Amino acid sequence: MPGFRIEGISKDKLDDIHHATIEVLRNPGIKIESEEAAEIFHGAGSEIEKHNDGFIVKIPSSVVDDCVQLAPKRFVLYGRDPKYDHTVEPGSSCFTLFGENIYVNDPYTLEHRICTKNDLGVATRLADSLGEFAIIEKCLGSQDKPSETQSMHNYEAMVSNSGKHVLHGFFSGRNSEKIIEMAAACIGGMENFLKRPCVTTTVCPTSPLTLVKNCCDVIITCARSGVGICSITMPLSGTTAPATIAGTLIVQNAELLGSLVLTQLTAKNTPFIYGSVGTIMDLKLGSPAVAAPECGVLNVGTAKMAQYYGIPSWCGSGVSGSKLMDAQAAYEFSTNTAIALLAGSNVVYGCGSIESGLTFDFAKLVLDAEQLKQLQWLKNGMDVSEETMALETIQNVGPGGEYLTSTHTLQHMRSMSQSDLFDCMERDAWDKKTGGKDIVERAYEKARFHIENHQSMSLPEGAAETMKRIIKECEMADC
Amino acid sequence: MIDKSIIEETAEVLIKVNKVRAIEIVKNFINEGGNPLDLMEEGFIPGINATGDLFGRGKLFLPELIQAADIMKEVTDIINEALAGGSDIKKERGTIVVATVQGDVHDIGKCIVVSLMKANGFTVHDLGRDVATDKIIESALAVNADIIGTCALLTTTMPRQKDLEDALKSEGLKDRIKTVVGGAPVTPRWASRIGADGYAKNAQDGIVKIKEFLGIE
């Protein structure tokens with residue numbers, strides 16, 4: 001079944017974007033703030049020149065073409081538990097949580113407060129329990145832990161509460177090595193980890209046209225260790241990118257191709273995901289308009305450029321600017337998530353977040369998951385076949401009959417869309433079942449039930465101790 | 001007294017970002033024997049304040065504000081030149097050093113703050129992003145700054161704002177230089193915990209705090 005799709009941009013316009021990007025990579029080039037990375041580019045035939053605290057790298061189109069060819073079209077995001085293995089390939093899609101929240105609405109008291117490592121564990125357990133999330137992405141930071149080792153604490157909190165593949169920013173070269181050691185301990189040792197890498201790192205180019213040192217270090221360390229790279233850029237139209245979407249698409253494409261080239265030059269065939277969480281800057285407020293329609297249009301551009309190159313895409317779409325889990329949050333999530341999904345984005349990101357990506361809300365995650373069920377159904381589209389056209393059944397039932405008792409209905413009713421929290425009951429039944437509570441309140445109840453009752457996959461023996469030891473050693477070294 | 005129509009036009013050229021006309025107004029005024037300081041005080045300063053106010057009320061776009069600040073700079077330079085050794089009007093409003101702290105490469109918010117400060121007539125030294133604490137202090141001393149503003153977008157880099165406070169304290173500079181902290185994850189509670197003098201929730205709020213510190217109405 002082909003499903004519904006947004007085409008959005010014609011092949012010749014995608015060619016135009018690509019050729020303009022190649023021009024940008026030649027002139028002015030991109031800035032690389034790592035000597036090792038600059039050497040890698042230079043060794044493959046890119047022109048480099050020293051520039052303030054880094055290097056300007058000019059990448060020839062032949063290098064870009066070769067590296068695009070080297071990036072795999074299809075790969076598996078392995079879970080610790082093989083039942084959670086998720087294959088990323090053309091046509092596949094999955095959803096993840098928003099990654100950088102620093103506050104949480106407490107699931108019990110609803111107090112808006114700074115989030116902790118414990119919150120990340122609890123939120124991960126909830127996401128682990130929701131079938132709509134094939135993989136786990138860090139949804140909030142362990143704000144109670146030291147900045148230098150925070151990414152390690154984040155990983156520990158997540159892997160201890162989910163058997164799914166983890167997408168997570170490793171932060172630095174040193175932390176990448178350590179998180180890989182931790183992940184290996186959680187999947188039965190390094191040999192097994194290399195066969196089934198159960199974690200992918202996220203890295204962020206800095207718009208415009210810069211790969212900072214930590215970004216380069218993480219790419220190099222992870223690619224050498226067989227860990228996939230999800231490169232996510234965040235151009236803001238009108239400030240760190242041109243005020244037009246096409247111009248923004250070119251800037252982000254140059255940044256993403258730059259990080260793709262570095263990934264493939266470091267280690268051929270390393271899984272690479274082409275990601276953007278770009279949008280416009282509201283030039284009256286001076287703050288990012290995370291859920292603007294331009295974000296949706298840019299997401300289509302992101303997905304289409306990735307398809308043009310034959311590599312998987314990741315689109316940031318579901319975040320809301322609202323401070324509450326309210327009507328604004330629901331509208332904003334639904335519109336841009338639907339568009340990213342229909343454009344064929346392989347990973348659709350942003351669930352559970354409000355306040356422009358500052359606050360994680362448990363009810364939002366539950367309601368987003370509920371809506372994802374509907375959107376996924378929508379994407380699957382209409383199957384037109386002899387079986388679904390049901391001609392024989394229509395003829396058998398005839399005028400004035402009913403389909404309720406037909407065999408055809410019995411065969412197909414379970415594939416009809418269903419919802420759990422979204423309601424279409426008649427009023428008395430609704431009142432009896434919900435006590436007239438608002439859906440957000442019921443979503444918190446569901447979240448609390450899962451937090452208290454869901455059993456996530458336990459860690460192998462000794463893994464928890466190994467992770468604690470690794471973190472402790474780093475913290476001693478940092479002191 | 002300056003002709004009312006000139007005063008109105010100075011505000012208009014800033015709001016409409018007409019640089020060519022702004023320079024013409026200043027040059028004509030000086031050529032006709034007017035005191036350029038009067039033009040600054042009665043025309044351009046109220047004009048740029050009105051521009052900042054319109055931005056604050058969502059009536060102007062940020063790029064317009066930045067261009068208005070750029071016009072102010074040009075106009076100020078012309079007037080300073082005409083005064084030839086007279087009082088330097090820029091110094092009157094205070095000097096601010098601004099940086100994104102070490103380890104943090106996000107600076108678009110800081111650039112907005114800098115633009116708004118310039119639009120408000122402050123002398124601003126923007127040290128850029130990923131700036132070490134000792135460099136911030138060194139620069140602040142070099143330009144005799146009244147205020148240091150720092151921002152951090154990442155929670156992992158916020159501790160650098162505390163480092164700055166600690167360093168200012170240990171070097172006995174806290175009384176001499178005020179500090180304002182900002183950035184998406186930064187809160188008033190954080191500011192008071194680390195001992196910063198002020199917290200700015202956004203660019204406009206930053207201007208309010210700075211004016212308070214400098215005793216400007």
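Analyst: A salt bridge is a side-chain nitrogen of Lys or Arg within 4 Å of a carboxyl oxygen of Asp or Glu. Between domain 1 of chain B and domain 2 of chain B the count is zero salt bridges. This is a predicted model, in which local features need pLDDT of at least 70, side-chain atom pairs count only at pLDDT 80 or more, and totals for chains, interfaces and linings use all residues. Residues are numbered from 1 along each chain as its sequence is written, and side-chain values use heavy atoms, with hydrogens and water left out.

User: How many salt bridges are there between chain A and chain B?

Analyst: The count there is two. In a salt bridge, the side chain of E148(A) meets that of R160(B) at 4.0 Å, N to O.

User: What area is buried between chain A and chain B?

Analyst: Buried area is the accessible area (1.4 Å probe) that two parts lose on being put together, summed over both. For chain A and chain B the value is about 1,500 Å², with 65% given by carbon and sulfur atoms. Of the area that chain A buries against chain B, 36% comes from S147(A), L283(A) and K284(A), more than from any other three residues.

User: What area do domain 1 of chain B and domain 2 of chain B bury between them?

Analyst: They bury about 670 Å², 70% of it on carbon and sulfur atoms. L62(B), L65(B) and A69(B) supply 42% of the area that domain 1 of chain B buries against domain 2 of chain B, more than any other three residues.

Note on methods: Chains are lettered from A and ligands numbered from 1 in the order in which they are written.
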